[in-house]
Amino acid sequence: MTDVHRYPSPPIIDAIIELRLRDTVSEGLLTKAAKAVAKNYAHHVVEQEVDVSVRFDPNGVSPEIGEPRGLHRLSSADETDRAQVSTKIFNWSRLPPYECWEDLENRFVRDLERIERALKKLPRFERFGVRYRNRIDVPVGDDRVGRYEDYLNVKLDLLPMLDPLNAYQWRIDKDFADRGLSAIVQSGTLRPELPMTTPVLLDIDIAATKDLPIGQDKIVERLRDMRLLKNEIFEASITPLARQSFK
């Protein structure tokens with residue numbers, strides 16, 4: 001499978017592959033899964049997470065704290081390749097510099113094979129997702145305004161009195177029933193890190209929640225379907241000026 005485009009300097013903040021499990025994995029199986037993939041990473045940190053809820057009644061406020069659950073965080077020596085194994089979610093991520101999709105996919109497949117061998121079979125999952133968050137630095141003009149609409153094809157139709165804006169945020173939810181996938185696409189302004197720029201976020205989250213694949217081959221096939229849709233949305237969302245900035 002080939003990319004729609006391969007950019008020398010892709011604007012990726014992080015790339016994530018996530019499996020959200022249908023049933024909670026026991027602590028014993030969780031430890032086995034984490035140990036199975038830990039040898040692939042330089043760092044392995046074991047933490048605990050809890051659910052906290054607050055109940056309001058006539059007698060006051062009552063906090064309720066759930067049972068602690070194991071959480072294993074794994075990362076490469078430079079911490080750009082990361083994985084997380086918990087009782088409900090397995091995920092893999094890549095931070096900048098982003099090299100290529102194949103590296104992330106291969107790491108996901110490698111770790112999943114190790115987990116399957118350790119647990120005898122893969123846990124069933126209820127959501128399978130691919131998410132890419134992109135940061136596009138829009139130059140600020142002489143008027144001190146960064147025109148994000150010159151870089152993104154999805155635009156807000158502003159009233160004259162609200163243009164130019166100081167900040168914005170939008171979200172689009174879309175089902176692609178013919179592909180068995182759904183997409184959440186979000187954008188908004190971020191805190192500037194480079195002088196004379198207005199950074200904007202382009203966040204694309206693709207998920208499969210129905211007819212979920214079983215078995216390595218089907219999982220990889222579905223993963224590539226999601227990535228293809230992610231690429232199509234990304235390319236449709238950006239302008240030639242944005243593409244030029246990724247070179």
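Predicted model: local features only at pLDDT ≥ 70, side-chain atom pairs only at ≥ 80, totals over all residues.
**Sheet architecture**

The model contains an open sheet of nine strands, paired antiparallel and arranged in the order β2-β5-β6-β7-β1-β8-β11-β10-β9.

**Strand pairings**

Strands of a sheet pair through backbone hydrogen bonds, in either the parallel or the antiparallel sense. Two antiparallel pairs from this sheet are listed below.

| Strand | Partner strand | Bridges |
|---|---|---|
| β1 (residues 12–21) | β8 (residues 125–139) | nine |
| β9 (residues 169–176) | β10 (residues 181–189) | eight |

Within the pairing of β1 and β8, Ile17 stands opposite Val130 of β8. In the pairing of β9 with β10, Asp173 faces Ile184 of β10. The hairpin of β9 and β10 has four residues between its strands, and Gly180 adopts a positive phi near 65° there.

**Helices on the sheet**

Two helices are considered here in relation to the strands. Helix α2 (residues 101–119) lies across β1, β6 (81–86), β7 (89–94) and β8, and runs at about 150° to β7. Helix α3 (residues 216–237) also packs on the sheet, where its contacts are with β1, β8, β9, β10 and β11 (197–208). The direction of α3 makes about 145° with that of β11.

Methods:
Residues numbered from 1 in each chain as written. Heavy atoms only, no water. Pairing = 2+ DSSP bridges. Contact = heavy atoms within 4.5 Å. Axes fitted to C-alpha atoms, helices over the stretch in contact; angles between N-to-C directions.
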